[in-house]
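Try each task with the structure open before you read the solution.

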Amino acid sequence: MTALFNGASARRANRSARSVLADLQVSVGVAGLAAAAAHPRLLASVDQHAAAVRDSLLGDRRPLTPVALAGYAEGVRDAALQHGWRLPQGPVDWSAGPDWVLTRLLAVCALARAADRPAVTPPAG
């Protein structure tokens with residue numbers, strides 16, 4: 001019975017995490033990652049933040065899961081909100097260089113996108 005409960009809990013946590021990440025993609029990721037593709041300085045900043053997130057979650061030793069990424073993003077957002085940060089209303093001017101919190105959340109979006117892509121295996125030959 002415990003194994004069944006643990007499996008159901010894990011599936012529920014995964015669904016919840018994917019929902020958090022989907023919301024983050026809509027509010028930050030879609031526009032931010034498109035802007036990063038067009039602005040090398042922003043892309044470099046997102047890459048640096050992504051490396052820091054990976055290091056924080058030990059992503060170099062084990063795969064980054066949706067649960068880990070969503071938990072990290074919620075932690076960053078919640079801490080920022082406690083310190084007076086607010087998600088900008090309306091479109092973000094990504095070319096001006098977003099604040100630390102938005103850049104960190106955008107890095108989580110980039111990592112989540114990368115984790116969802118299937119690994120490419122070179123053809124045998």
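A helix here is a DSSP run of H or I with at least four residues, and helices are numbered from the N terminus. Keep in mind that this is a predicted model.

**Exercise 1. Get an overview: how many helices and strands does the protein have?**

Solution. 
- Step 1: Count the elements. The protein has four helices and zero strands.
- Step 2: Read along the sequence. The pattern is α-α-α-α.
- Step 3: Look at burial. Of the 125 residues in the protein, 31% are buried.
- Step 4: Look at the contacts between residues at least 6 apart in sequence. Among these, 74% join residues at least 24 apart.

**Exercise 2. Find Thr103 and decide: is Thr103 buried or exposed?**

Solution. 
- Step 1: Locate the residue. Thr103 belongs to helix α4, which covers residues 100–116.
- Step 2: Compare the value with the cut-off. Buried means under 20% relative accessible area, and Thr103 has 3%, so Thr103 is buried.
- Step 3: List the neighbours. Beyond residues up to four places away in sequence, Thr103 touches Ser45, Val46, His49 and Pro98.
- Step 4: Check the side chain. It comes to 3.5 Å from the backbone oxygen of Pro98.
- Step 5: Contrast sequence with space. Thr103 and Ala50 are 53 residues apart in sequence, and their C-alpha atoms are 9.2 Å apart.

**Exercise 3. Now take His49, a neighbour of Thr103. Which residues is His49 in contact with, leaving aside neighbours within four places in sequence?**

Solution. 
- Step 1: His49 sits in helix α2.
- Step 2: Judge burial. The relative accessibility of His49 is 11%, so His49 counts as buried.
- Step 3: Read off the contacts. They are Trp100, Thr103, Arg104 and Ala107.

**Exercise 4. Describe how α2 packs against α4: at what angle do the axes cross?**

Solution. 
- Step 1: Recall the idea. Two packed helices are described by the angle between their axes and the distance between the axes.
- Step 2: Read both values. The axes of α2 and α4 come within 8 Å and cross at roughly 75 degrees.
- Step 3: Name the arrangement. Angles of 65 to 115 degrees count as roughly perpendicular, so α2 is roughly perpendicular to α4.
- Step 4: Name some partners. The contact includes Ser45, Val46 and His49 of α2, and Trp100, Thr103 and Arg104 of α4.
- Step 5: Sort the residues by class. This contact of α2 with α4 has 10 nonpolar, three polar and two charged residues.

**Exercise 5. Explore the largest nonpolar core: how many residues does it have?**

Solution. 
- Step 1: Count. The largest nonpolar core has 30 residues.
- Step 2: Ask who supplies them. Each of α1, α2, α3 and α4 gives at least two residues, and the largest share, nine residues, comes from α4.
- Step 3: List its partners. Leaving aside neighbours within four places in sequence, Leu105 is in contact with Leu24, Val28, Ala73, Val76 and Trp85.

Key
Residues are numbered from 1 along each chain as its sequence is written. This is a predicted model: local features need pLDDT of at least 70, side-chain atom pairs count only at pLDDT 80 or more; totals for chains, interfaces and linings use all residues. Side-chain values use heavy atoms; hydrogens and water are left out. Buried means under 20% relative accessible area, exposed over 50%, partly exposed in between (1.4 Å probe, protein chains only). Contact means heavy atoms within 4.5 Å. A polar contact is a pair of N or O atoms within 3.5 Å; within protein, one must be able to donate a hydrogen and the other to accept it, and residues adjacent in sequence count only if both atoms are side-chain atoms. A nonpolar core is a set of buried Ala, Val, Leu, Ile, Met, Phe, Trp, Tyr and Cys residues joined through side-chain atoms within 4.5 Å. Axes are lines fitted to C-alpha atoms, for helices over the stretch in contact, and angles run from 0 to 180 degrees between N-to-C directions. Angles under 35 degrees count as roughly parallel, over 145 as roughly antiparallel, 65 to 115 as roughly perpendicular and the rest as oblique. Ala, Val, Leu, Ile, Met, Phe, Trp, Tyr, Cys and Pro count as nonpolar, Asp, Glu, Lys and Arg as charged, and the others, Gly among them, as polar.
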